Structure formats: C-alpha cells, structure tokens
Amino acid sequence: MVKKKTIRFIKKNPLATIGALVCVLFLLVAVFAPLIATHDPLEQNFSNRNRPPSAVHYFGTDNFGRDVFSRVVFGARISLPAGFLVVIFSCVFGGIYGAVAGYFGKTLDEVLMRIVDIVMSFPSLVLAMALAAVFGKTMSNAILVIVLVWWPKYARMMRGLVLTVRETEYVAAAVALGEKKSRILFSTVIPNCVAPLLVMASADLGAAILMFSGLGFLGMGTAPPAPEWGAMVSDGAKVLNYWWISVFPGAAIFIVSIAFNFIGDALRDLLDPKLRNLE
Amino acid sequence: MKKVLALLLAVAMVFVLAACGGGAGEKDPGEKNTGEKQVVVGINADYSTFDPAQAYEKSSRMILHEVYQTLFRFSAEDDSVIEKDLAADYTISEDGLTYVITMRQDAKAVTGKVLDAHDAEFCIKRLINLKGNPSFLADPIASVEATGDFELTIKLKQPTPAILAILCDSAFSVYDSDVAQENGATLDPATDSAQAFFDNNSIGSGPYTLVSYTPNAEAVMEKSETYVGTPAKIDRVVFKHINDSSMQLMSLQKGDIDFAFDLTASQLETLADENIIVRNYPTQDIFFLHMNVDETIGGPLANPDVRRAIAYAIDYEGLRELAGNDPSTPMNILPSGFPGYAGESKITRDLDKAKSYLEKAGYPDGFSFDCGAIPDMATDGIAFMDCAVKIQSDLKDVGITMNIQSDEVSVYLEKLRSAQYQANIGMWGPDYLDPASQLAFMPGETVGLRSNWTVEMAPELAELTAQAKVETDPEKRAEIFEQIQIMYSEIPGPVIVFVQPNRALAMSKRVQNVHYSSAYMLISHLMDVE
C-alpha cells in the first residue's frame, strides 16, 4: 500500500521528488564532508595554482592552489546551516511578533505593524549590506542581518492567521473557561496557525541560501578563507578565464536553492491549497 | 512555478552582476572622427580633488603633473634624475639652508599670464598655510619669498638634502595666483574656498589643462596651447574611473579604454590578446605585515622573538608568485631604486627556525592574533586580502592562528592611524622619491607610531634617523641608510616587508612612447597614438 502511494506521489510531483533527492544529497554531503572531500579545503599549494578540472582535482584549483571540489563540499556546511538558521530565527521571531500584534490588537497592533511596514520599506539586500558593514563580517552576523530584514513577512502572515483564529469558537471557549490571555495565545492560537507558516518557511529556504550567498559574493559574509559559495563565486569572477573557480560553487548555489524551492512548492500544494494563490 | 522562474532569474542576475561591476556609459573609444587624438585611461582612481594644496593621492599627481609645472621635476626617463622645470638655475648657500632659484621667464599659464616668482611664492605659501594633506611636505621650509620678479628664495629650518626631490612633488605646482585669488584662493585656511574651482579648472602652464572632473566618473584633460615645452601629441586624455578590475579588463579588450591600471596578477597571466601589451614598471611601493609593538594592543607580537618567528614562517616566494609581474623582496623598509638600498631580504622560509624562536618567546604552541586587511582592493595588481589569506595559511604551519579582520578602507585607515590594529596588511608608497621619505617607518615617526613604536623603544635607531635627516654628503648618507636597514632587521622592527611589486600596465598596442614614472605615474604629454 505504502509503495503504491509513494509511486503515485512521485508521478504527481516529479519536481518535488527531484528536489527532495537533491536536498538529501546535499545534506549528506554537508554531514559527511570530511569523508567526501579529496583535499583540505584550506590547504594552499602554490605549485598548483589555477589548474583546470582533472582526475586529481575534480573541479580544478583556485588562485591559492586550493582544491575547488573540496571547498564546494565544505561550503555545504556553511550555506545549508545558514539557510536553515535564517529561516528558523525569522520564523520564530516574526511568528511570535505577528501573533502578539494580531491577538492583542488595538494600539499595540498599530504600533507593531507600523514597525513592520518601516522595515519592509527598505530594500532588503541593501539594508542587510549596511547592517553587515556595521556589525562586522562573520557568519553569525551575516545570519543575524538576514533575519533582521526577513522577519517582517512572517510577522505579517502570522498576524493575518491569528486574526482569523482569534474569532473561532474554540478560542471563545478558552476565554469562557477563564484562561490567561498569554496562555490562550501560546497554547491555543499559535499552534493552530503554525502549519501555513511552516509551508512559507520551507519555500523560503532556497531564497535564504541565495541571499546568504549574495552577501558572501559582496564580501559581507564569512571572513576569508572560509569556503563560502558566494565568496568563491566572487573570487572566480575576477578571472573569467579560470571559469571553474566560480562556476562550480555558483552551480551549487543554483541547484540547492532550486531544489528547496521545488520542495517548498510541493509542500504548499500538499498542506495548504489555500496558499497556492497567495503571494 | 512562478517562484521557480523568479529564482532562475535571480541566479542569472548574480552571474550577470558578476560580469558587469560598474558599466557606466560605454561611448566613443579612441579617436573622435574629427581627427583629434584621444586616449582613455581606465583606473580605480583614488583622487578626490585637483587643488595642488589639498590633493595628496598618488593618482592625482598623474593629472596635476600634466596641468601644472613645478620648479623641479623628476625626469620622465629616470626617476632618480631631477630636472629643472620652471627653475632656470639655482644656487645653494654654504650652510645648505638657503636656496635661491632663478625661474624661466617664458612659462605662460593658460590664463595668458607669465608665471613668475610672486606666483610661486603665493602657491607655496598657500600650500603651507592651508595645512591640507600634502602640506607636511613643506615642513622643512622656514620661509619662501620672491626676491625678484623671477627670483625665489627658500630658507630651510635645517639642512634638508631631500628638498629638491620634495619640490618635485605636484603639491608645489605653480599657478596664476591672480586668477586663483579671484576664485577664492587665500593664504588663510578659514577663508580659502578655491578647491571647487581647482577641481574643474586648471590655471597652470603644463602641457594640458583640466577640462572637467566628475567624482567617481571621469576627469578630462585637453592639450594646452601655451605650454613652453614640446607640445603634447594627444589632444584629449580621459581618466575613466572603473573600480572593478574585471570591468577594466573587458573595457580594454573591447577597445573602450587604452590603459587598464588595476588588473590583478591572474588576469594578466591569462591575458592573451594581440591588441594588448603588458609592460612592467618598477615601483617604490612596499607591502608588509605591520605588527603593533605595544604589549597591551599587540600582545605576543610585541615580543621581538615572535616577530622573528613570523618573519621565518612567511613564504616570501609564494607571495611573490601571488603578486605576479616579477617582484622582489627588499630587506625591509627601503625599496630598491633608492640610494642606500641594502639589497634583497636574506630571510627565506624556515619553519624550524620559526618554531625555535616561538619556543624561545614562550609560545611553543603558537597563539592567535587579529590582522586587518581591506577587502576587494588591489594596488599594483596585488589584492590585500589575497596576501592576508596567504600569510594566514603560512603562519598556521607554525601553530599561529591569524584571524583576518576585513575592514573597508575608511574603517581601516581610521584604525590604522589611531594605532588600534594588533596587526594589519599594509602598503606604503614613498611621499617623495628620496630615501628620507621612508624614515616615516622609524620609531617615533608617523608609520612607526601606528604600531606604537616610540623613540624610547629603539633609541639607537632613532639617533641614526636624526643623522640621516640632515646628512648632506651623498655617500655618508647612503651609508647611514644602509645601517638603518641592518639595524631594523636586527631589532626587528614592527614591519615585515614581503613584496616590492612592479606595476604592470596593460595597454592597447596603438599607444606609442609610453612613459611611466613612479612619481607621476603615466606621463601623458609624451605619448602618442598610431
């Protein structure tokens, strides 16, 4: 029975299946990076600089003679956790923020949502760059600044969801039972709003990784010599003749973000048909 | 599905963005159809003004030297030869304190006025009084006075053998003082308002005139009709600001520009284009690791044995390869090309020695320190960040962890000038082409103090420095400078020099007779096109 269901799902959602497989693959690569990599990603070898892909160096070597394949493999350990962390933090902070605004309403709602409007009115990448320049360039700061520009959309969505759930009968029942307001919010309202938020979060994972790499590309992400994909693309972009230095990490960014998007789209269809036409 | 498309587009844009850093306006390359000759220079320009009394960026001299004449100048053929420019003759008093300079009487500014000693007096006084960035060059001067219409007398505070080389700097440009005063130039920094005028006009007697300057876009010079020397052959020279080196490369290959100033070593390596040639010109620039010797800031770096260990841990050969274009490594602060140069560095990488010094210093297992470096910036084709990454990996081999702090230029300079860095990757080009300029690295001097190196820490070296400043006999002077370098390495000082690069200039084959001097960079008035 299970097998049949699986086959039907695959037939119906070929893209989602591919996406899921690719994601699992990259997660495995991240977890087993030291086993997969053929070289130390930071080891420099000056007698072997800028070599094209070969049997020894699958993706060639960069300006310092470092193995590009190993760097791409280890890069998964940076970009994937970064993407997840960005989405988790934005989701938790934005979710609670929006829930509080939506549930308590009135002046508090007005004030909180105007703050959201202000943050959203900045172009997010530019704001993130400005913040990154102020905070200093480390991986945790890069994650932090992306969270700082991303949480408002979760806040908005959560507020909308809470506004509907607030009026349901089970909430009214909880109020009638004399529950504390904060308890109702966290144990009754929020759990009933979480599903759509998670769908949105999973669809955003790809974009989060892309944004993180974007910061890296602009020199605002991790400090060198970390094998961050965006920074590697930027290194290689200076010398277009040595195409392999930037093409492989670029391809990694592309494949991972598109795979996460396939999954996100499928999850959306599966869990929440209502959301299909939103956004 | 829409989302997928959007993502595809976004990824595509990342690649496109990578390809076109700052592609503002791509128009008329080379000659205009009127038969005028035009040359376009692509440079990541650091100039911000063309007021001779305010400008102090290396690339600003490339323009100032063309639009103004100075009393003396470095020969375009040989940097170490000083020629008379506006000066016709000069005498030096016995005590070396008074210079009487007779000026030529036929140097006409574009305003039509013949430049005389009164103009020179005004210009030098304005330089001194405004206390702008280049004003320190005039520090040795006690007074300057026009003692005749074409006779200028300069009195010095103490014998300064470097003064003629200093007078060659574009800061000592002579211009029409009447027109300057009409446009706000005064001798009082509080009321002087001529900078904006100088930024868009030139009132000198050089082979070119400055026609326009748009910050971060371009500066345009046109041939002057009043220049007394051999007139320039190119009618218009455009300096186009292109900060991205890959953009410079592409523009050069397309023929939009004739010179690309800032190509990186690896770009030059792969450059194979029959219309482009690359020439190497010597520079007097040095790249170095700068360590703070104040224990509260520098930590372990304040220990001389730690600095020795680091000196032996650095892979100089690798860094030279990274720099490309066949550079050398001088012993320390004095680059080759100056009298008194003590020869190339004798230190080569030796991990055993490095480890034994670390042990001696009490850090057998190494330590960690922060090192500031500017991201995405390259001088003479050498990216600061690349040097930092290379040294980081070299030091890791002896157990020293170097954390790279990537700071934008403005942050970097502020931290550097207030001596806040534990260490940093630094670059220095001499202020004027005389070894005295390198004395800034000595204890208690500007660069020395950036690592909190005071006179008390190295009194003997400070004593030698004082001697070097006033010694007028060229042979003795060279000897003192040699001693300084040897002593600096023995201490060792806060700076480990790893590369003295050549400047590789990629240019279109149609440009002829190209001269490049480390003082004035490209000499526009001598070049020609086919």
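What share of the 530 residues in chain B is made up of buried residues? The share is 50%, where a residue is buried if 20 or more other C-beta atoms, placed from the backbone, lie within 10 Å of its own, exposed if 12 or fewer do, and partly exposed in between. The structure is a predicted model, in which local features need pLDDT of at least 70 and side-chain atom pairs count only at pLDDT 80 or more, while totals for chains, interfaces and linings use all residues. Residues are numbered from 1 along each chain as its sequence is written, and chains are lettered from A and ligands numbered from 1 in the order in which they are written.

Among the contacts in chain B with a separation of 6 or more, 70% join residues 24 or more positions apart; two residues are in contact if their C-beta atoms, placed from the backbone, lie within 7 Å.

Chain A has 12 helices and zero strands. The C-alpha trace of chain A spans about 75 × 55 × 30 Å along its principal axes. Of its 279 residues, 47% count as buried, and residues 24 or more positions apart account for 68% of its contacts with a separation of 6 or more.

Helix packing can be followed within each chain. Two packed helices are described by the angle between their axes and the distance between the axes. Axes are lines fitted to C-alpha atoms, for helices over the stretch in contact, and angles run from 0 to 180 degrees between N-to-C directions. In chain A, helix H11 (residues 229-237) and helix H12 (residues 244-271) pack at about 150°, with their axes 7 Å apart. H11(A) is therefore roughly antiparallel to H12(A), a term for angles over 145 degrees, with under 35 roughly parallel, 65 to 115 roughly perpendicular and the rest oblique. The residues of H11(A) that meet H12(A) include A:Trp229 and A:Met232, and those of H12(A) include A:Ile245 and A:Pro249.

In chain B, H11(B) and H13(B) pack at an angle of about 155°, their axes being 10 Å apart. This makes H11(B) roughly antiparallel to H13(B). The contact joins B:Gly318, B:Leu319 and B:Leu322 of H11(B) with B:Asp386, B:Cys387 and B:Lys390 of H13(B).

The two chains also touch each other. The contact takes 29 residues from chain A and 27 residues from chain B. On the side of chain B, at least two residues each come from helices H1 (2-19), H7 (245-254), H8 (265-269), H11 (316-323) and H13 (384-396) and from strand E17 (401-406). H1(B) gives the most to this side, with eight residues. By class, the side of chain B that touches chain A has 11 nonpolar, 10 polar and six charged residues. Here Ala, Val, Leu, Ile, Met, Phe, Trp, Tyr, Cys and Pro count as nonpolar, Asp, Glu, Lys and Arg as charged, and the others, Gly among them, as polar.

How values were computed: Helix = DSSP H or I, 4+ residues; strand = E, 2+ residues; numbered from the N terminus.
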